[in-house]
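Subject: Structure for you to look at

Hello,

Here is the structure I said I would pass on. Please open it next to this message and go through the notes below.

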Amino acid sequence: MATVGVDFWGIYVTLSEPDTKTLENADDTVAAAAAVIAAAAGAAKVLPVTVIAGLIGVYVKLNKQLVTDIDQGYGVTLTLPWAAIYLGQYWIIVPSRNSAPNPNIGVIVRTSTGNDFGPGPQADQNWTGGPCYGSRGTYFANVTGSGKADCILVNNDTVTVRRSTGSDYGPNEDWTQGPCYGSRGTFFADVAGEGRAACILVNDNTITVRRSTGKGFGPNEDWTHGACYGALGTFFADVTGDGKADCILVNKDTITVRRSTGRDFGSGMQANEDWSHGACYGALGTFFADVTGDGKADCILVNRDSISVRRSTGIDFGPSMQANEDWSHGACYGNLGTFFADVNGDAKADVVIVNG
């Protein structure tokens with residue numbers, strides 16, 4: 001936690017993640033608001049309640065400005081005065097106490113048991129303690145080679161990584177030093193079998209891969225030699241169990257897989273394989289991750305009433321709807337996104353629910 005405050009007037013801004021540039025912006029904003037309050041308090045010769053009423057108006061304005069300036073996925077909590085005491089020529093503002101954080105705001109993790117994601121909401125764990133998301137997407141994959149899925153925030157100006165400690169996500173790290181995203185999607189998966197997830201950019205004309213060095217993403221590589229994307233989504237996960245993430249195209253009629261060779265996803269339409277033998281997608285999303293711990297990514301369908309899993313056989317996801325298994329025993333999804341990744345290093349992908 002980091003606190004920026006203005007001396008004497010008792011206005012505080014508390015950030016869930018320290019960031020130099022953000023703190024500078026906060027300090028400027030708070031200083032400006034403090035000047036307004038100081039002028040109002042200095043001119044006041046009436047009851048303290050008048051000043052408190054004025055502070056309420058400043059609070060509303062300050063709150064809106066701070067959220068605009070500061071909330072870039074770090075989270076903002078404001079602590080503002082609740083009482084004012086007049087001593088001679090000065091008003092002493094007594095700050096209120098910090099309100100307790102909302103346990104439902106942030107990145108919520110429910111770990112996999114190998115058969116389900118726990119007995120219900122009581123299995124939820126908050127791994128960020130506040131808002132954490134990218135303006136262009138939030139992802140979870142092992143980019144550092146630690147065996148644990150890290151939190152990846154894709155914004156307009158860069159890709160930020162927050163490493164998994166096994167029980168929460170650490171501080172922000174800049175991994176691209178500039179814009180890095182695909183026009184049809186940005187993804188993170190170990191397509192080369194190196195033990196670290198690469199950055200994958202899906203564009204209209206090709207799929208580009210930037211391999212992870214463990215502390216950043218390297219140069220562009222062309223992996224499809226032409227257009228390659230699904231009408232309902234393009235995904236990357238090791239469905240065959242060979243240690244390399246494959247390219248998965250979800251269309252309305254079927255799921256197509258293009259296997260990774262370690263340097264590309266094959267050449268042309270002849271590389272396509274039918275893995276669902278018919279329509280297969282979730283109303284709230286379709287995902288691919290190894291939730292069983294057998295080394296092969298399974299097909300996960302998120303619907304409003306439940307999460308269904310179709311296990312990978314290494315050559316397909318079973319013989320159609322009868323292959324579906326209920327893994328959540330009820331509704332299970334986040335209002336800002338639902339993800340599947342091994343965040344605690346036990347080799348089974350967990351469900352990650354992002355609310356905000």
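This is a predicted model: local features need pLDDT of at least 70, side-chain atom pairs count only at pLDDT 80 or more; totals for chains, interfaces and linings use all residues.

Overall

The protein has 2 helices and 25 strands. It is 356 residues long, and 53% of them count as buried. Among its contacts with a separation of 6 or more, 41% are between residues 24 or more positions apart.

The largest pocket

The volume of the largest pocket is about 1,300 Å³. It is lined by 47 residues, and the ones closest to its centre are Phe140, Phe188, Phe236, Phe288 and Phe340. Sorted by class, the lining contains 25 nonpolar, 13 polar and 9 charged residues. At least two lining residues come from each of strands E8 (137-141), E12 (186-189), E16 (234-237), E20 (285-289) and E24 (337-341). Two of these strands, E8 and E20, come up again in the sheets described next.

The sheet that contains E8

E8 belongs to an open sheet of 4 strands, ordered E8-E9-E10-E11 and paired antiparallel. Its edge strands are E8 and E11 (169-174), each of which pairs on one side only. From one strand to the next, the twist averages 25°. Within this sheet, E9 (residues 150-154) and E10 (residues 159-164) run antiparallel and are joined by 4 bridges. If you want a residue pair to find on screen, cysteine 151 stands opposite arginine 162 in E10.

The sheet that contains E20

E20 is part of another open sheet of 4 strands, with the order E20-E21-E22-E23 and antiparallel pairing. E20 and E23 (325-326) are the edge strands; each has a single partner strand, so one side of each has no neighbour in the sheet.

Is E20 covered or open, then? It is mostly covered, with 5 of its 5 residues buried. In a regular strand, side chains alternate between the two faces of the sheet. On one side of E20 are Gly285, Phe287 and Ala289, on the other Thr286 and Phe288, and all of them are buried, which leaves both faces covered. Phe288 is also one of the residues closest to the centre of the largest pocket.

The pairing of E20 with E21 (residues 298-302) is antiparallel and runs over 5 bridges. Alanine 289 has aspartate 298 in E21 as its bridge partner. Further along the sheet, E22 (residues 307-310) pairs with E23 over 2 bridges, also in the antiparallel sense. There, valine 309 has glutamate 325 in E23 as its bridge partner.

Threonine 256

Buried or exposed? Threonine 256 has a relative accessibility of 11%, so it counts as buried, the cut-off being under 20%. Leaving aside residues up to four places away in sequence, threonine 256 touches Cys247, Ile248, Leu249, Asn272 and Glu273. For asparagine 272, which is 16 residues away along the chain, the C-alpha atom is 6.0 Å from that of threonine 256.

Where to start on screen

From Phe288, go on to the rest of E20, where both faces are covered.

Regards

Key:
Residues are numbered from 1 along each chain as its sequence is written. Side-chain values use heavy atoms; hydrogens and water are left out. On a 1 Å grid over the protein atoms alone, a cavity is a set of points where a 1.4 Å probe fits but cannot get out, and a pocket is an open set with protein on both sides within 12 Å along at least five of seven lines; lining residues have an atom within 4 Å of a point. Grid points are joined across faces, edges and corners, and a volume is the space filled by probe spheres set on the points. Ala, Val, Leu, Ile, Met, Phe, Trp, Tyr, Cys and Pro count as nonpolar, Asp, Glu, Lys and Arg as charged, and the others, Gly among them, as polar. Two strands pair if DSSP finds at least two bridges between them. Axes are lines fitted to C-alpha atoms, for helices over the stretch in contact, and angles run from 0 to 180 degrees between N-to-C directions. Buried means under 20% relative accessible area, exposed over 50%, partly exposed in between (1.4 Å probe, protein chains only). Contact means heavy atoms within 4.5 Å.
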